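Good morning, everyone. Please have the sequence and the model open while I talk.

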Amino acid sequence: AYCVSKIFLATVNIIFDRVGKKDPVTRGLEIAGAFFQLDIDVQVITQWSSFVLVGVIIVTSIRGLLIQLTKFFQRISSSDSSNSIVLFLAQIMGMYFVSSVVLIRMNLPLKYRIIVTDVLGDIQFNFYHRWFDVIFLISAISSIVLIWLANQVSDKRGPS
């Protein structure tokens, strides 16, 4: 459900050239609270749930990157190139972490988003968020098409 909503929101952001003002967790809890007429403190719940969500996203994405980089470096490494590979890996990890923080900034509540903005300085966040939406949408559509094609090919071959 999150992926489908992310694809929809990325499409809307690209078409209308906008950047979301609220993170999906806050918006979802506000809608759920209004729909079910719950008397909940949305700020407190979204603060903790956004914190957990951002932590999980960062940990899993960095873990996935490390797994893929480890596979790649095991194939190309030798005893002579190990120092260069470690330096290259450190550079890639640093860039990946900073880009993750920049892109995940939108999932944080506004008061924490301001802190990240102050720490990172004068970065054109809207530019990066727009390009992230474009790249995400292209990747999602490509993945959907490739999975569909793979299923079509496997269906034509029949059961093994």
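Let's start with Ser61. Ser61 sits in helix H3. Keep in mind that this is a predicted model. Is Ser61 buried, exposed or partly exposed? Its relative accessibility is 21%, so Ser61 counts as partly exposed. The cut-off matters here, because buried means under 20%.

Which residues does Ser61 touch, leaving out those up to four places away in sequence? They are Tyr96 and Ser100. Now find Ser5. Ser5 and Ser61 are 56 residues apart along the chain. Their C-alpha atoms are separated by 19 Å.

Stay with helix H3, and bring in H2. H2 covers residues 24–35, and H3 covers residues 42–76. How do we describe two packed helices? We give the angle between their axes and the distance between the axes. For H2 and H3, the angle is about 140°. Their axes lie 9 Å apart. That angle makes H2 oblique to H3. Why not roughly antiparallel? That label needs an angle over 145 degrees. The crossing of H2 past H3 is right-handed.

Which residues meet there? From H2 we have Val25, Thr26, Leu29 and Glu30. From H3 we have Val42, Ile45, Thr46, Ser49, Ser50 and Leu53. Sort the residues of this contact by type, and you get five nonpolar, four polar and one charged.

Next, the loops. Asp17 lies in the loop between helix H1, residues 2–16, and H2. Look at its backbone. Phi of Asp17 is near 50°, which is a positive value, and this residue is not a glycine. Asp17 has 56% relative accessibility, so Asp17 counts as exposed.

Move along to the loop between H2 and H3. There you find Gln37. What is the phi of Gln37? Phi is positive, about 50°, although Gln37 is not a glycine. Gln37 is exposed, with a relative accessible area of 70%.

Last topic: aromatic rings. How many aromatic pairs does a search of the whole structure find? Four. Take Phe127 and Tyr128. Their ring centres are 5.2 Å apart, and their planes stand at 80°. The pair is therefore edge-to-face, because planes over 60 degrees apart get that label.

Now Phe127 again, this time with Trp131. This aromatic pair is edge-to-face too, with 6.5 Å centre to centre and 65° between the planes. Where do these two residues sit along their helix? Both are in helix H6, which runs over residues 125–157. Phe127 and Trp131 are four residues apart there, so about one helical turn separates them.

Phe127, Tyr128 and Trp131 form one aromatic cluster. Tyr128, at 41%, counts as partly exposed. Trp131, at 45%, counts as partly exposed.

A quick recap. H2 is oblique to H3. Asp17 and Gln37 have positive phi values. Phe127, Tyr128 and Trp131 make one aromatic cluster. Thank you.

Note on methods: Residues are numbered from 1 along each chain as its sequence is written. This is a predicted model: local features need pLDDT of at least 70, side-chain atom pairs count only at pLDDT 80 or more; totals for chains, interfaces and linings use all residues. Side-chain values use heavy atoms; hydrogens and water are left out. Rings of Phe, Tyr and Trp (its six-membered ring) pair if their centres lie within 6.5 Å; planes under 30 degrees apart count as stacked, over 60 as edge-to-face and the rest as tilted. Buried means under 20% relative accessible area, exposed over 50%, partly exposed in between (1.4 Å probe, protein chains only). Axes are lines fitted to C-alpha atoms, for helices over the stretch in contact, and angles run from 0 to 180 degrees between N-to-C directions. Angles under 35 degrees count as roughly parallel, over 145 as roughly antiparallel, 65 to 115 as roughly perpendicular and the rest as oblique. A crossing is left-handed if the near helix is turned anticlockwise from the far one by less than a right angle, and right-handed if clockwise. Contact means heavy atoms within 4.5 Å. Ala, Val, Leu, Ile, Met, Phe, Trp, Tyr, Cys and Pro count as nonpolar, Asp, Glu, Lys and Arg as charged, and the others, Gly among them, as polar.
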